[in-house]
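Biologist: I'm new to this one and would like a close look at a single part. Could you take me through the stretch around the ligand and whatever sits beside it?

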Amino acid sequence: MGKITNALKKAAEDRLQRIDKIAKIREDKQLIVHKAGDSKVDGRIVSYFDPKALITEQYKVLRTNFLALNKGRPPRTVVVTSSLHSEGKTITILNLAVSLAHSIHKPKILLIDADMRRGRVSKYLGVDQPKGLSELLSGKAALDEVLFHMDLENLTIMSSGSVPPNPAELLASDQMRALIAEVRGKFDFVLIDTPPIIAVTDAGIIGSMVEGVVMAIQAGRTQRGIVDRATELLNQAHVKIVGHVLTNIEYHLPEYIYRYL
Ligand SMILES: Nc1ncnc2c1ncn2[C@@H]1O[C@H](COP(=O)(O)OP(=O)(O)OP(=O)(O)O)[C@@H](O)[C@H]1O
Ligand SMILES: [Mg+2]
């Protein structure tokens, strides 16, 4: 694991300053965002609790490398997926979201739980948020009703909502496209959690609607052939894989994200 040099830190800060300026120029009307109430955040969202912890530092490295993608113009709409179940997607995206939210210029982050089959974002965050993406896409709730923020004012979340009978169809809908376009105009970064691509097509569907897909790979478990198959499926769906995060490295650290394209 390389150390973050001062130059890298400065470059990241410069980029964030630019993002901040962009945010200030926007004149969108503010969304109503509900407060999530007393939260019981899972200890694995370590960035939330302990900004100095060793693992938090690793998520900051992930953040720095993410912000450096595409020559410092990182994707503003991003899907995180993996090949198989339980590779650490949700823990990774939550820590990345918190870490981005803590950045010096406080970019506005929206984390959408698009794993409508077994979404766990609100569970990990310890919040009771029954209405979410599923209700929004099926016309049972409006955007303002499904956005919540944590104690961190610039971190907004949307839970997956109740399990619908047809998740893939809902995700492939015009409403999903319209949602991404709308929130892209209101937040600096939109991070979207999805189910594993080998199990179901969801990540390919949403992946094709966003600027980049990050793949989590659990070191020591997921075999190369499986990752190749997942990559093939994502390529067939015409998504742009922008990087990989290795989880389960020594001491359970997300080792790194590296440029892929
Ligand atoms: N960086 C990590 N290193 C090691 N283990 C991790 C890491 N992140 C998460 N885990 C562990 O892996 C398990 C699954 O985590 P998580 O729910 O984030 O996976 P997932 O890929 O989102 O799963 P699913 O496919 O069910 O959505 C949890 O027990 C978690 O503690
Ligand atoms: Mg998950």
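Modeller: Let's start at serine 86, which sits in the loop between β2 (77-82) and α5. Bear in mind that this is a predicted model. Serine 86 isn't a glycine, yet its phi is positive, near 60 degrees. That's worth a second glance, because most residues other than glycine have a negative phi. Is serine 86 buried or exposed? With 12 other C-beta atoms within 10 Å, serine 86 is exposed, since 12 or fewer is the cut-off for that label.

Move along the chain and you get to the ligand. Ligand 1 has 18 residues around it, and Gly88, Lys89, Thr90, Ile91 and Thr247 come nearest. Helix α5 (residues 89-101) gives the largest share of that shell, with four residues. Sorted by class, the shell has nine polar, six charged and three nonpolar residues.

Now take Ile91, one of those nearest residues. You'll find arginine 44 in the loop between β1 (34-35) and α2 (46-49). Arginine 44 has 15 other C-beta atoms within 10 Å, so it counts as partly exposed.

Helix α5 also has a helix partner. The axes of α5 and α3 (residues 54-67) come within 9 Å and cross at roughly 75 degrees, so the two helices are roughly perpendicular to each other. Where they meet, α3 brings Tyr59, Lys60, Leu62, Arg63 and Phe66, while α5 brings Asn95, Leu96, Ser99 and Leu100. That contact is made up of five nonpolar, two polar and two charged residues.

Asparagine 70 has a positive phi of about 55 degrees despite not being a glycine. Asparagine 70 has 14 C-beta neighbours inside 10 Å, so it is partly exposed.

To put this part in its setting, the protein has 11 helices and eight strands. Of its 261 residues, 45% count as buried. And if you look at contacts between residues at least 6 apart in sequence, 78% of them join residues at least 24 apart.

Terms used. Residues are numbered from 1 along each chain as its sequence is written. Chains are lettered from A and ligands numbered from 1 in the order in which they are written. This is a predicted model: local features need pLDDT of at least 70, side-chain atom pairs count only at pLDDT 80 or more; totals for chains, interfaces and linings use all residues. A residue is near a molecule or strand if its C-beta atom, placed from the backbone, lies within 6 Å of it. Ala, Val, Leu, Ile, Met, Phe, Trp, Tyr, Cys and Pro count as nonpolar, Asp, Glu, Lys and Arg as charged, and the others, Gly among them, as polar. Axes are lines fitted to C-alpha atoms, for helices over the stretch in contact, and angles run from 0 to 180 degrees between N-to-C directions. Angles under 35 degrees count as roughly parallel, over 145 as roughly antiparallel, 65 to 115 as roughly perpendicular and the rest as oblique. Two residues are in contact if their C-beta atoms, placed from the backbone, lie within 7 Å. A residue is buried if 20 or more other C-beta atoms lie within 10 Å of its own, exposed if 12 or fewer, and partly exposed in between; C-beta atoms are placed from the backbone.
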